[in-house]
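User: Please take me through this chain by question and answer, with the cut-offs behind each term.

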Amino acid sequence: MVIDMVKMPPEVQEVINKQSPVPVATADPDGKPNVIFVGFLRIVDDETIQIADNFFDKTAANMEANPQVSIVGYDGEAKKSFQVKGRVEIVTKGPVYEDVKAWVYAKSKALPAKAAVVMHVEEVYDAMYGPDAGKRIT
Ligand SMILES: Cc1cc2nc3c(=O)[nH]c(=O)nc-3n(C[C@H](O)[C@H](O)[C@H](O)COP(=O)(O)O)c2cc1C
């Protein structure tokens, strides 16, 4: 898999870190969109986001068939909004999975922690209303 990763600037990370739950959009192979809320989403470095799959259904099927996802955040106080797009890898064993499972279990051992979803950031857009709406940042 060839991935063109980009770095999320600090202000983008701040908005995503404050956004909870985070809307996560996927699409099926026919292009039908699907959007859900996710509480377990964290930025692990400038170009990588982890998401815990506890209950993904259509989302899991979509990610399997089409790894492209998009998330969005809005900070009403800072008046900033950003959209982040990337590709996901589904991880069900190994250190990254164990780390995500520990994060989920720290909240509740009743949660299934089915998989770790690792999102490699490829595009970042300004999504705030105004003159820069829709413009690519990185
Ligand atoms: C506030 C909120 C937070 C949620 N957080 C997560 C989460 O962190 N992980 C997860 O797998 N599902 C989470 N869900 C469930 C998903 O939003 C969704 O219901 C599930 O993926 C099934 O929908 P789908 O068939 O579109 O995938 C959350 C739901 C809500 C309402």
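Predicted model: local features only at pLDDT ≥ 70, side-chain atom pairs only at ≥ 80, totals over all residues.

User: How many helices and strands does the chain have, and which pattern does it follow?
Analyst: Helices (H or I, at least four residues) and strands (E, at least two) are taken as DSSP runs and numbered from the N terminus. On that basis the chain holds 3 helices and 7 strands. Read along the sequence, these elements give the pattern α-β-β-β-β-α-β-β-α-β.

User: What is the radius of gyration of the chain, and what does the globule rule give for 138 residues?
Analyst: The radius is taken over C-alpha atoms, and the globule rule is 2.2 Å times the number of residues to the power 0.38. The chain is as compact as a globular protein of that length, because its radius of gyration of 15 Å is close to the rule's value for 138 residues, which is 14 Å.

User: What share of the contacts between residues at least 6 apart in sequence joins residues at least 24 apart?
Analyst: Two residues are in contact if their C-beta atoms, placed from the backbone, lie within 7 Å. Among contacts in the chain between residues at least 6 apart in sequence, the share that joins residues at least 24 apart is 66%.

User: In which order do the strands of the sheet stand, and which of them are at the edges?
Analyst: Two strands pair if DSSP finds at least two bridges between them. The 7 strands form an open sheet with antiparallel pairing, in the order β2-β1-β5-β6-β7-β4-β3. One side of each edge strand is left without a neighbour in the sheet, because each has a single partner strand, and these edge strands are β2 and β3 (41–45).

User: How many bridges join β5 to β6, and how many pair β6 with β7?
Analyst: β5 and β6 run antiparallel and are joined by 8 bridges, with Gly73 standing opposite Phe82 in β6. Val84 stands opposite Val124 in β7. The antiparallel pairing of β6 (residues 80–91) with β7 extends over 10 bridges.

User: Which residue of β7 is the bridge partner of Ile49?
Analyst: β4 and β7 (residues 115–126) pair in the antiparallel sense over 6 bridges. In β7, the bridge partner of Ile49 is Met119.

User: At what angle to β1 does α2 run?
Analyst: Axes are lines fitted to C-alpha atoms, for helices over the stretch in contact, and angles run from 0 to 180 degrees between N-to-C directions. α2 lies across β1, β2, β4, β5, β6 and β7, and its angle to β1 is about 55 degrees.

User: Lys79 and Ala113 each have a positive phi although neither is a glycine; which is buried and which is exposed?
Analyst: A residue is buried if 20 or more other C-beta atoms lie within 10 Å of its own, exposed if 12 or fewer, and partly exposed in between, with C-beta atoms placed from the backbone. Lys79, with a phi of about 55 degrees, is in the turn of the hairpin that β5 and β6 form with 4 residues between them, while Ala113, with a phi of about 45 degrees, is in the loop between α3 (95–107) and β7. Because Lys79 has 10 C-beta neighbours inside 10 Å, Lys79 counts as exposed. Because Ala113 has 21 such neighbours, Ala113 counts as buried.

User: Where is the cis peptide bond from Ser20 to Pro21?
Analyst: The bond from Ser20 to Pro21 is cis, with omega near -5 degrees. Pro21 lies in the loop between α1 (10–18) and β1 (22–27).

User: Which element gives the most residues to the shell around the ligand?
Analyst: A residue is near a molecule if its C-beta atom, placed from the backbone, lies within 6 Å of it, and of the 15 residues around the ligand, Ile36, Phe40, Asp57, Lys58 and Thr59 come nearest. The elements that give two or more residues to this shell are β2 (33–38), β4 (48–53) and α2 (58–65). With 4 residues, the element that gives the most is β2.

Technical notes: Residues numbered from 1 in each chain as written.
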